Amino acid sequence: MNNRRKIVVIGASNVGSAVANKIADFQLATEVALIDLNEDKAWGEAKDSSHATSCVYSTNIKFHLGDYDDCKDANIIVITAGPSIRPGETPDRLKLAGTNAKIMQSVFGEIVKRTKSAMIIMITNPLDVATYVVSTQFDYPRNLILGTGTMLETYRFRRILADKYQVDPKNINGYVLGEHGNAAFVAWSTTGCAGFPIDDLDEYFHKTDKLSHEAVENELVQVAYDVINRKGFTNTGIAMAACRFIKSVLYDEHTILPCSAVLEGEYGLKDVALSIPRMVCADGIMRSFEIHLTDDELEKMHKAAQSVRSALDGAGIK
Ligand SMILES: NC(=O)c1ccc[n+]([C@@H]2O[C@H](COP(=O)([O-])OP(=O)(O)OC[C@H]3O[C@@H](n4cnc5c(N)ncnc54)[C@H](O)[C@@H]3O)[C@@H](O)[C@H]2O)c1
């Protein structure tokens, strides 16, 4: 019986180490290999995580320093390599496009020499640029490349509304779509709370400070920079988002989640990667949904496309 599940995490800093540890918490792998240009860092993170597997509550997952040959038999490869926005820097992930596109070319060049069958979960920012680069510049099955995209903004959206109405964030549904970054937008027409229309919540919860769509959208974008400016980085929310996708793949869940991939004519857009609802299963992205959006939401989707496309153009990426 082969119950082996191997996950390779590339980039072993704040995000990569958090993803590796959440994989252990949720018992999503039997083996986790960590790769980083900084081998000492990857070795240290792998060794530290391996010590936690001795705890009676832990699963005996094999954590180790990896190299690219680990990709040959990996089920899933999570890419977190490359720098992030630092505290105090201009709050726009797109400025990382040039640097991180080159890192993606180097990392993915090594991956494609070893496998074309592993599910790729992209996390490196600018997420939609990174997802576009690896999807279009390499001969790798497109259905197996998934960018975490606006899953994280969707979590942030749920938390903001949950705090406003004092409900479980998991009761809040609907999508944040578009760019993972400043042009993310709430598709308000898809939102609700436990079956109530979102705009009825003020009435049900007797709120006098009325829900402002604009304020929520501003907050869900700004809060990432607020966390970076205070904590230094973000890693916990994105690690949970990554594990949500990993679980959908490993359990063949056919879950519909917002995530990024190259658009193929949805909303009249192509040559750019953005988040829309997509069905995720053991074969990766099984299908994408061009759900009905209002005119205002459509305009925001097109603005997100322009924003990501101009970053691609700026970095000289066709
Ligand atoms: N998609 C999301 O929602 C989301 C959320 C948080 C962070 N991020 C992104 O994740 C990435 C990692 O964040 P972090 O805080 O861990 O960054 P970090 O700067 O602390 O670490 C980046 C790591 O990448 C490694 N690296 C650089 N080039 C490499 C290469 N060619 N091969 C292997 N490793 C290489 C570095 O040695 C370093 O350890 C950033 O791009 C960040 O913006 C994305």
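Helix H3 (97–114) contributes five residues to the lining of the largest pocket, the most of any element; helices (H or I, at least four residues) and strands (E, at least two) are DSSP runs, numbered from the N terminus. The structure is a predicted model, in which local features need pLDDT of at least 70 and side-chain atom pairs count only at pLDDT 80 or more, while totals for chains, interfaces and linings use all residues. Residues are numbered from 1 along each chain as its sequence is written, and side-chain values use heavy atoms, with hydrogens and water left out.

The largest pocket has a volume of about 840 Å³. Of its 46 lining residues, Gly11, Thr80, Ala81, Gly82 and Pro83 are the closest to the centre. Two or more lining residues come from each of H1 (14–25), H2 (39–52), H3, H5 (151–165) and H7 (213–231). A pocket is an open set of points on a 1 Å grid over the protein atoms alone, where a 1.4 Å probe fits, with protein on both sides within 12 Å along at least five of seven lines; lining residues have an atom within 4 Å of a point. Grid points are joined across faces, edges and corners, and a volume is the space filled by probe spheres set on the points. By class, the lining of the largest pocket comprises 21 nonpolar, 17 polar and eight charged residues (Ala, Val, Leu, Ile, Met, Phe, Trp, Tyr, Cys and Pro count as nonpolar, Asp, Glu, Lys and Arg as charged, and the others, Gly among them, as polar).

The second largest pocket holds about 640 Å³ of space. Its lining consists of 27 residues, with Leu152, Tyr155, Arg156, Gly237 and Met240 nearest the centre. At least two lining residues are supplied by each of H5, strand S7 (172–178), H7 and helix H8 (236–250). Twelve residues of this lining are nonpolar, five polar and ten charged.

Ile111 is in contact (heavy atoms within 4.5 Å) with Ile10, Tyr68, Cys71, Ile77, Ile79, Ile120 and Tyr140, not counting residues up to four places away in sequence.

Asn125 lies in the loop between strand S5 (119–122) and helix H4 (127–136). Asn125 is buried, with a relative accessible area of 15% (buried means under 20%, exposed over 50%, partly exposed in between, with a 1.4 Å probe and protein chains only). A polar atom of the Asn125 side chain lies 3.1 Å from the backbone nitrogen of Leu127. The peptide bond from Asn125 to Pro126 is cis, with omega near -5°.

Two residues other than glycine have positive phi. Ala194, with phi of about 50°, is in the loop between strands S8 (184–193) and S9 (196–197) and is partly exposed at 46% relative accessibility. Asp252, with phi near 50°, is in the loop between H8 and strand S10 (255–264) and is partly exposed at 38%.

Conventions
Polar contact = N/O pair within 3.5 Å; in protein donor to acceptor, adjacent residues only side chain to side chain.
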